[in-house]
Amino acid sequence: MSARTSLASWKYLQAHAKQMKQQHMRTLFSDNDNRFNEFSLKLPAFLFDYSKNLITADTMQGLFGLARDCELEQWREKMFAGERINTTEDRSVLHVALRDRTTKAFTLDGENLSDKVNQALTQIKSFTDKVRTGQWKGYSGKRITDVVNIGVGGSNLGPQMVTEALKHYSDQSVSVHYVSNVDGTQIADVLRPLDPEKTLFIISSKTFTTTETMTNAQTAMKWLVTSAFDQNAVAKHFVAVSANKENASAFGIEQQNIFDMWDWVGGRFSLWSAIGLPIAIDLGFDKFIELLEGAHEMDQHFKNAPLEQNAPVIMALLSLWNCTFLGSQSQAILPYDQPLHKLTAYLQQAEMESNGKSVNWQGEDVDYPTVPSIWGEIGINGQHAFYQYLHQSNNVVPADFIGSVQSVTPVQGHHDTLMANFFAQTEALMGGVDEQQVREDLKAKGRTAEYIDKVAPHKVHKGNRPTNTILLDQISPKSLGSLIALYEHKIFSQGILLQICSFDQWGVELGKGLANKIQQELSGEESAQIHDSSTTELIKYYKSIKAKK
Ligand code: F6P
């Protein structure tokens, strides 16, 4: 039995889950007028309502007890203190230092990290201002009009998601584009309308070894040099963000054009560092700082609020409750605010790359279900695609509904329609409609008894499907910063509760290594590699058809 499952609080929750499976949220609501007040929190950036979960006060007490037994508070302190909690890579986890602008707040191995962070911010400000005001010139003396960020995973998802979410706040003085895919179609499409004389590339890669990013960067460099007829043009059109300065400069990027990154910042938690350069260029430095301030506000909440009023902790506990104890295997992220259309993709990496693992800190297989798969889509589009499944399939998918009181782009008559759906969906998922009600409704519509018998079972919605509601006042750099940090700390807390090393990503290495070897085979080199028969035949087929083209 693992350390977690032998805890008394764990056993209590297992037994309690059996009882709770017999309950319906409809009854929990009708029995308790105060349920919303009991199970919701108002934070500066948003209202967090978790009352539509299959929980009671006993459930929450049991979950907070488990959090304490798992020493969540102590682990939280270790993270903020810079202990090397990323044990498999022997690294600290200090993305929180990136948004704490008070000096001397963080030290690591005797070094003042806050000074480093502030220096990096000064460099970001100076560069951003130059590009945005046109002071930074391309090789032919023209100002930069377009910035292309080349990076993948954490070096793409966060910055791109934020750029999309905060489009409304951009003055469009420079257009920012993203290339992440090694599929040449993407870079070709992005570069086609651009003018090399006015285009600046940011090569974003913590390791500066990622094949996809290096391939795209090479293509971009060829594109530029072909136009400039001069390798020296690179200095005016390429900057890099990396923890691997050697590789970045070996690639041809000038030392002064390399922005620092550090091993105590994980790729998927790095948008607050110079990886966020495209955000700062798009919005201006001051708004980038507001984003950091919003995240810092959430850091303070996570650090200081008691577990019982701590939004990220509660979200982590509910995920554990819904998945590990009640048996859900996936979780939907459903933003009802168009600017957040890339949030689900961002959270897929944040949560699944962090906690999609099955061994504990000691490297032993865990004997309990861990985290769900994350999926979703902008709410309204989802309603007309997969909500049927959310309402009536026999898999219960807990969902986070994220919306805003005010749209950043108000168009008369639209926002209330959107939000009516937002509220209706969580109500319907919670309450459902039973057969008796369905029959009464059909009867009231004058349907025949025969028709009612035939159709009624199909119209039953069992309900009892858990949702969280996060209601922002409005999307802004600050509220978005808080929202992202909320999920970051949820993910950290989940990892502690489940005893999972949240800050490594060994699971992406195996495929990467194999791809490198197979690439040599595809380019014609003989390989001693022996594949399974399926892979061998697929490669053979690919090469034979390619040879005929
Ligand atoms: O997908 C694996 C991964 O290592 C991610 O963790 C990371 O965000 C991404 O690749 C990109 O890595 P890099 O910034 O080093 O190019």
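A pocket, as the term is used here, is found on a 1 Å grid laid over the protein atoms alone, and is an open set of points with protein on both sides within 12 Å along at least five of seven lines. A molecule is said to sit in a pocket if more than half of its atoms lie within 2 Å of the grid points of that pocket. In the structure shown above, the space taken by the ligand is the largest pocket. The structure is a predicted model, in which local features need pLDDT of at least 70 and side-chain atom pairs count only at pLDDT 80 or more, while totals for chains, interfaces and linings use all residues. Residues are numbered from 1 along each chain as its sequence is written, and side-chain values use heavy atoms, with hydrogens and water left out.

The ligand is surrounded by 13 residues, of which the closest are Ser 155, Ser 205, Thr 207, Thr 210 and Glu 353; a residue is near the ligand if one of its heavy atoms lies within 4 Å of it. Sorted by class, this shell holds two nonpolar, eight polar and three charged residues, where Ala, Val, Leu, Ile, Met, Phe, Trp, Tyr, Cys and Pro count as nonpolar, Asp, Glu, Lys and Arg as charged, and the others, Gly among them, as polar.

For Glu 353, an N or O atom in the side chain is 2.5 Å from a ligand oxygen, for Ser 205 the distance from a polar side-chain atom to a ligand oxygen is 2.6 Å, and for Gln 349 the corresponding distance is 3.2 Å. Taken alone, the ligand exposes 390 Å², and the protein buries 87% of that area, as calculated by the Shrake-Rupley method with a 1.4 Å probe.

Individual residues were then described by their place in the chain and by their accessibility, with helices (H or I, at least four residues) and strands (E, at least two) taken as DSSP runs and numbered from the N terminus. A residue is called buried under 20% relative accessible area, exposed over 50%, and partly exposed in between, with a 1.4 Å probe and protein chains only. Asn 322 lies in helix H14, residues 311-325, and counts as buried because its relative accessible area is 5%. The side chain of Asn 322 also makes a polar contact with that of Asn 53, at 3.2 Å; such a contact is a pair of N or O atoms within 3.5 Å, and within protein one must be able to donate a hydrogen and the other to accept it, while residues adjacent in sequence count only if both atoms are side-chain atoms.

Two residues other than glycine have a positive phi. Phe 208, with phi near 55 degrees, is found in the loop between strand E7 (199-204) and helix H9 (211-228), and is buried because its relative accessibility is 3%. Gln 499, with phi near 60 degrees, belongs to the loop between helix H21 (477-498) and helix H22 (509-522), and is buried at a relative accessible area of 5%.

Gln 186 is placed in helix H8, residues 184-191, and is partly exposed, with a relative accessible area of 25%. The C-alpha atoms of Gln 186 and Asn 216 are separated by 9.6 Å, although these residues are 30 residues apart along the chain.

Terms used: On a 1 Å grid over the protein atoms alone, a cavity is a set of points where a 1.4 Å probe fits but cannot get out, and a pocket is an open set with protein on both sides within 12 Å along at least five of seven lines; lining residues have an atom within 4 Å of a point.
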